[in-house]
Amino acid sequence: MALALEEARRSIGWGDVPVGAVVVRGGAVLGASGNQRERLLDPTAHAEVLALREAAATAGTWRLDGCTVYVTLEPDAMCCGALVLARVDRLVFGAADAKAGFAGSLGDLVRDARLNHRLEVTSGVRADQAVALLREFFTARRGDEPGADSVGR
């Protein structure tokens, strides 16, 4: 999670919401990224999607079984769908996202029994640090401070 927090901090440098993601298999980092929607002008350039793309390229396959994804903020529906489709085994996230999270908050796409793949989920890991980054970002950007459960993207 420390690496994901570093990636989140980097995102602030180009004006993106500080969310970071890292894909790990067997102790090796296969992919890592922070949000880059503003930087790339791409609505799909969430940290999780970019980290999955890098991991797939590193692994030489789209199937990322045996991988754990560490992300600072609970993934939204798009990112949870990508985790399921990539066959990731485990998701570890920091802060819950009551406005957009789909790994337990608004819905639970990653553990939906109707799908052909489900992930193990661990939440709340270093959540205080992830929330602090988000609060600092939004305070500086808008002059307000969202609640820990309403950080959004």
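Analyst: When I say helix here, I mean a DSSP run of H or I at least four residues long, and a strand is a run of E with at least two, both numbered from the N terminus. Keep in mind that this is a predicted model.

Let's start at Leu41, which sits in the loop that joins helix 2 (37-40) to helix 3 (47-59). As for the side of things facing out, Leu41 is exposed, with a relative accessible area of 72%.

Now look at Gln36, in the loop between strand 2 and helix 2. Gln36 touches Leu41, and apart from its neighbours within four places in sequence it also contacts Trp14, Asp16, Ala45 and Leu50. Gln36 counts as buried because its relative accessible area is 13%, and the cut-off for that is under 20%.

Arg126 also has a positive phi, near 55 degrees, and it isn't glycine either. You'll find Arg126 in the loop between strand 5 (120-122) and helix 5 (127-142). At a relative accessible area of 37%, Arg126 is partly exposed.

Helix 5 leads us inside. The largest nonpolar core has 39 residues, and Leu52, Val88 and Leu91 touch the most other members. Helix 5 gives the most to this core, 6 residues. At least two residues each come from helix 1, strand 1, helix 3, strand 3, helix 4 (77-85), strand 4 (90-95) and helix 5. As a rule, nonpolar side chains in soluble globular proteins tend to be buried together.

Val88 is a handy place to look around: leaving out residues up to four places away in sequence, Val88 touches Leu52, Leu64, Cys67, Val69, Leu83, His117 and Leu119.

Helix 1 (residues 2-12) has its own buried set: Ala4, Leu5, Glu7, Ala8 and Ser11. Viewed down the axis of helix 1, those buried residues fall within an arc of 160 degrees, so they line one face of the helix. The cover over the buried residues of helix 1 includes strand 1 (20-25), strand 2 (28-34), strand 3 (67-73) and helix 5. That brings helix 5 back into the picture, this time as part of what covers helix 1.

Definitions and conventions:
Residues numbered from 1 in each chain as written. Predicted model: local features only at pLDDT ≥ 70, side-chain atom pairs only at ≥ 80, totals over all residues. Heavy atoms only, no water. Buried < 20%, exposed > 50% of the residue type's maximum accessible area, 1.4 Å probe, protein only. Arc of directions from axis to C-beta. Contact = heavy atoms within 4.5 Å. Core = buried A, V, L, I, M, F, W, Y, C linked by side-chain atoms within 4.5 Å.
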